[in-house]
Amino acid sequence: MFKIVHREEMAQGTIVLNEIEAPRIAVKAKPGQFVILQANETGERIPLTMADVDPEKGTITIIYMIVGKSTTLFGQMAVGQEYYAVIGPLGKATHLEKKGKVVCVGGGTGIAVLHPITRGLKEVGNEVITILGSRNKDLLILEDKMAKVSDTLHICTDDGSKGHHGFVTDILKDVLAKEDISLVVAIGPVPMMKFVSMITKESNVETLVSLNPIMVDGTGMCGGCRVSVGGETKFACVDGPEFDGHKVDYDELSKRLQAYQPEEKLSMNGCRCK
Amino acid sequence: MAETKVKKEKTPRVKMPEQAPDVRNRNFKEVPLGLTPEMAQLEASRCLQCKKPACVEGCPVSVNIPGFINKIAEGDFAGAAGVLWEKNALPAVCGRVCPQEIQCEGRCIVGKKDKPVAIGYLERFAADYARNSGEATLPKVAPKTGKKVAVVGSGPSGLTVAGDLIVKGHDVTIFEAFHKTGGVLVYGIPEFRLPKDIVGSEVATLEKLGVKIETNSVVGTTLTVDELFEEGYDAVYVGVGAGLPRFMNLPGENLIGVFSANEYLTRTNLMKAYLFPEYDTPVAKGKNVVVLGAGNVAMDSARTAMRLGADSVKIVYRRSRDEMPARAEELHHAEEEGIEFVLLTNPTRFFGDENGRLVGMECLKMELGEPDASGRRRPVPIEGSEYRMDCDLVVVSVGAKANPLLTNATPDIGLNPWGNIVADPETGKTTKKGVWAGGDIVTGMATVILAMGAGREAADSMHKYLTLGW
């Protein structure tokens, strides 16, 4: 079970794609849903939103940046090796409906999550304007795939090595000023989602964000993933992972994501020694 | 006969050898050490072998208690385990976590004048002996019936159903959401109260009998109850527990350092965070820990915090000592280990620092008023009694609700207003044909043995259905 059948390195090896055998999940998964993965018996359970599924082949695809102990372990696994556990599909699927003109904003590995949602929004008949951002051109992923499912594609890089020199929010402001947009979907680093939501709130455009807080079980059991949305506590695993971007308390989310920072360092040190 | 009776009355109840409190409160090894064969035989000799044993009536799964104790008295320890297994798939677990004082031992005739026979200790002894010696005789499996049963959830009720129905010749598959089998026995109850290799060994026994286990399967999302029927299952048992933590909805509850007991215990037990960094999952280690609530889960959380190295651990409870719902033994063990009880006290809000980390909480003192619906005296706040208590870790242990993942995906299963599945109290039958339910998903949070009792009744009813019809 959970054998890696395909592996790709992206963004100079900092981002890895795994296509994993998980037939029960593959026939069920819908855009926006996530899985929990565990590399080995002593590993931690890590939530990742699926980048793709192939129900016929019985596989799911995840794309992750190597940032800590668990993603390092994931990244070290070769084709043919198996994950110890993959659980899903978890969370609510994206509500895909024809709205008219929509904007999909992606940053970093958030682009991987954004891809199936963008494709879905396109398939139901929306005109899709996509804005992708990354630190530089080498770290940008899935540009071609996103181009295929978008009517218009904008690229932004922090260093100007490709496309617009600056942030996704610069382009977004432009688009919102010129076009009649009915929905914005933003998936990426927390600050990106926060600033996108601030801008769309000014123009009162419905905005969806996908959150990835710390979780253990992913089924509503632990409450570790709680986020404040419109003053109410929600569990990202079962109430989300997508929420109204205008209502999310991003500062609380950022802080909670740092909960285990000292332990993460300790864990990584041990990992490197081995 | 008369002669032996006289002798029996003279033998005092055996004392369970335990790790000393000041040693055990810093390790995760089991607290009670178990009886020696000599101690067990002597204790077994205290049993009167009643013709109409009240203890059996007090047992939710009707274990033949005089029968297994008699085997121990005779020195046939493996035989004693065989008698236990006739009625109980998990004797090594029950011998450790059952509230015997209100069940079998609470009804023991010896206990009327003396202390009751230590039935729990003896059950544990026989089960441990059989496991360690490998002398256990597995129950006989009836000829295959060709019927397929799906058991959803591998906690105590699911394991009981699986054990009962495999022996009756049905084909049984357990679906477990986590990567490990055992439900609350592995994620909830700590290692020092129930070593996980014991749960593993009880599960292995079921597998030897032919039970199949599919881990990483969340019924309700990975697959649905209806899909189980489509896959050819003839009957489904739902024992998914009470897996949705309650919070108190107080300001500051989302600060880093405030955890549900579910998260705190799951990280520590299932994910083995007490062995971090050998295991990758961390758990917050508080210096000044507060546990809110006073049930068994609260005691488990408090004792875990102490073992993880806390300087001080407080149980903060809004009622008084008499209303604390935890088992007497758990309260006793917690106190021995240096857990402080702060009674008639309720938190009103949590304080954090600039990084969103918990630094303290505001409490209000309470007094007891008139009895409420539960029959317990209602705690009433004393006005103006607010004070600040410093703490860097709070474990909220005020109960759990029904998890809606399975029931949302099974619209034709009847629920009560709290989201618990409605099941016939005698048979466990739900409103959906071919589906039974039991344990915490039906009753709300209760005990391991009550869940097992519900599993036993459901298994009987399922067997009838599979052989005779609905």
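In the predicted model, the sulfur of Cys237(A) lies 3.7 Å from the closest cysteine sulfur, that of Cys225(A), and this separation is too far for a bond, given that a disulfide requires a pair of cysteine sulfur atoms within 2.5 Å. Cys237(A) is buried, at 3% relative accessibility. Cys156(A) is likewise buried, with a relative accessible area of 1%, but the closest cysteine sulfur to its own, in Cys104(A), is 14 Å away, again too far for a bond. In keeping with these distances, a search of the whole structure returns 0 disulfides over all chains.

The contact between the two chains draws on 45 residues from chain B and 43 residues from chain A. The area buried between chain B and chain A amounts to about 3600 Å², with carbon and sulfur atoms giving 52% of it. On the side of chain B, Asn216(B), Asn254(B) and Asp280(B) supply 20% of the area that this chain buries against chain A, more than any other three residues. Phe276(B), placed in the loop between helix 14 (261-270) and strand 7 (288-292) of chain B, touches residues of both chains: when residues up to four places away in sequence are not counted, its contacts are Glu263(A), Leu266(A), Ser267(A), Thr281(B) and Pro282(B). Phe276(B) is buried, with a relative accessible area of 13%.

Within chain B, helix 5 (residues 65-74) and helix 6 (residues 77-87) pack at an angle of about 170°, their axes being 7 Å apart, and the two helices are therefore roughly antiparallel to each other. Helix 5 of chain B contributes Gly67(B), Phe68(B), Lys71(B) and Ile72(B) to this contact, while helix 6 of chain B contributes Phe77(B), Gly79(B), Ala80(B), Val83(B) and Leu84(B). Sorted by class, the residues of the contact comprise 6 nonpolar, 2 polar and 1 charged.

Several features of the backbone also deserve mention. In chain A, a cis peptide bond with omega of about -5° joins Gly88(A) and Pro89(A), the latter lying in strand 7 (residues 85-90). A cis peptide bond also joins Gly240(A) and Pro241(A), with omega of about 10°, and Pro241(A) is located in the loop between helix 7 (236-239) and strand 16 (242-244) of chain A. Phe2(A), in the segment before strand 1 (4-10) of chain A, has a positive phi near 60° although it is not a glycine, and this residue is buried, with a relative accessible area of 6%. Gln49(B), also not a glycine, has a positive phi of about 55°; it occupies the loop between helix 3 (37-44) and helix 4 (54-57) of chain B and is partly exposed, at 29% relative accessibility.

Note on methods. Residues numbered from 1 in each chain as written. Chains lettered and ligands numbered in written order. Predicted model: local features only at pLDDT ≥ 70, side-chain atom pairs only at ≥ 80, totals over all residues. Heavy atoms only, no water. Buried < 20%, exposed > 50% of the residue type's maximum accessible area, 1.4 Å probe, protein only. Axes fitted to C-alpha atoms, helices over the stretch in contact; angles between N-to-C directions. Helix = DSSP H or I, 4+ residues; strand = E, 2+ residues; numbered from the N terminus. Parallel < 35°, antiparallel > 145°, perpendicular 65-115°, else oblique. Contact = heavy atoms within 4.5 Å. Nonpolar A, V, L, I, M, F, W, Y, C, P; charged D, E, K, R; others polar. Buried area = accessible area lost by both parts, 1.4 Å probe.
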